[in-house]
Amino acid sequence: TGSTSVRKVLDPFSDHQELIDRNLYHDHWTARQYKKVFQDLELDWDSFYKFVNIRNPWDKYVSNFIFSKPDAKGLPFYNSAYDKNTAGFISFKDWVVLHLEVNEYPPQGCFRVDQFAADAQGNLLVDDVFPIEGFTSVDFPKIIERLNLGISNDLPVANTTKRDKNYQNYYDNKTKALVEKF
C-alpha cells in the first residue's frame with residue numbers, strides 16, 4: 001500500500017485540485033518542489049502537516065521497474081522519447097546498471113529520502129517520514145488522528161503491480177550493491 005492508496009482516502013479533505021488544475025502538482029514531486037510552489041502561492045509551508053511514506057529501496061527499484069515498463073534504452077513509458085516497440089527489452093539487472101553505474105543517477109521515483117524529503121542542506125522539510133512496510137496498521141491511523149478527520153483507519157489497496165512479491169529475487173550481488181550505494 002503506497003501513496004496512491006493514501007491519496008485516495010485523503011483527497012476529499014485536500015484542496016490540491018487547484019494545484020493540479022494549474023499544473024503545480026505531481027504525485028511524486030519532492031518536498032523541495034512543493035515548498036517552492038507554496039512559496040510562489042504565498043502559502044505558509046510550516047502551517048501544513050506534511051508527511052511522506054517511503055519504501056525499502058530495493059523493493060522501490062523493483063516496483064519502479066515493473067511500473068515504468070522501460071524500453072531498450074531504459075526509458076519509462078511516460079518519457080516522450082520512449083520506444084514502445086522495445087518495451088520489455090531491458091532486464092531489471094541491466095536497467096539498474098544503466099541507471100546507477102553508467103548514468104550514475106537513480107531513475108525517476110527512486111530517490112533516497114534525503115533527496116525526496118529534505119532541502120539542499122539535508123534538513124527534513126516534512127513533519128513525518130513513514131516506512132511503507134507496516135504503514136496501514138501502524139502509521140496511517142496516527143495521521144487520521146492527527147488531522148482529526150473522523151474517518152475510518154482502513155486504507156484501501158490501490159495501484160498494485162503484479163510481480164514476484166519477494167524483491168530479493170530480482171537482484172544479484174552487483175545490483176544489490178549498486179542500490180545500496182545510492
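Leaving aside neighbours within four places in sequence, W95 is in contact with Y61, N64, F65, S68, P70, G74, I90 and P107. Please keep in mind that this is a predicted model.

W95 belongs to the largest nonpolar core, which has 17 residues. Together with Y61, F92, V96, L100 and Y171, W95 is among the members that touch the most others. The most comes from α5, with six residues. There is also a second, separate core of 13 residues, and V37, F38, V52 and V126 are among its members. As background, nonpolar side chains tend to be buried together in soluble globular proteins.

**Aromatic rings**

F38 and W45 make an edge-to-face pair, with 5.0 Å from centre to centre and 85° between the planes. F38 counts as buried, with 12% relative accessibility, and W45 also counts as buried, with 8%. Which residues do ring pairs link into a cluster? They are Y61, F65, F92, W95, Y170 and Y171, and W95 has both Y61 and F65 in its list of contacts.

**Helix α7**

Helix α7 covers residues 135–147, and its buried residues are F135, D139, F140, P141, I143 and I144. Among the elements that cover these buried residues are α1 (3–10), β1 (51–54) and β2 (128–131). Just after α7 comes N148, which takes a positive phi of about 55°.

**Salt bridges**

Searching the whole structure gives six salt bridges. Three of them are set out here.

| Side chains that meet | N to O distance |
|---|---|
| D127 and K50 | 3.4 Å |
| K174 and E101 | 3.2 Å |
| R112 and D114 | 2.8 Å |

The D127 and K50 salt bridge links distant parts of the chain, 77 residues apart: D127 sits in the loop between α6 (113–117) and β2, and K50 in the loop between α3 (31–40) and β1. Are the two partners buried or exposed in part? D127 is partly exposed, with a relative accessible area of 36%, whereas K50 counts as buried at 9%.

The K174 and E101 salt bridge also connects distant parts of the chain, with K174 in helix α8 and E101 in helix α5, 73 residues apart. K174 is partly exposed, at 42% relative accessible area, and E101 is partly exposed as well, at 37%.

In the R112 and D114 salt bridge, R112 is partly exposed with a relative accessible area of 34%, and D114 counts as partly exposed at 36%.

**A nonpolar patch outside**

Finally, let us turn to the surface. F67, F77 and Y78 form a nonpolar patch there, with about 290 Å² of accessible area together. Y78 lies in the loop between α4 (57–68) and α5 (92–102). Y78 counts as partly exposed because its relative accessibility is 43%.

Technical notes: Residues are numbered from 1 along each chain as its sequence is written. This is a predicted model: local features need pLDDT of at least 70, side-chain atom pairs count only at pLDDT 80 or more; totals for chains, interfaces and linings use all residues. Side-chain values use heavy atoms; hydrogens and water are left out. Patches are made of residues with over 30% relative accessible area and no salt bridge: like charges are joined within 9 Å, nonpolar side chains (Val, Leu, Ile, Met, Phe, Trp, Tyr) within 5 Å. Accessible areas come from the Shrake-Rupley method with a 1.4 Å probe; for residues, only the protein chains shown count as cover. A salt bridge is a side-chain nitrogen of Lys or Arg within 4 Å of a carboxyl oxygen of Asp or Glu. Helices (H or I, at least four residues) and strands (E, at least two) are DSSP runs, numbered from the N terminus. Buried means under 20% relative accessible area, exposed over 50%, partly exposed in between (1.4 Å probe, protein chains only). A nonpolar core is a set of buried Ala, Val, Leu, Ile, Met, Phe, Trp, Tyr and Cys residues joined through side-chain atoms within 4.5 Å. Contact means heavy atoms within 4.5 Å. Rings of Phe, Tyr and Trp (its six-membered ring) pair if their centres lie within 6.5 Å; planes under 30 degrees apart count as stacked, over 60 as edge-to-face and the rest as tilted.
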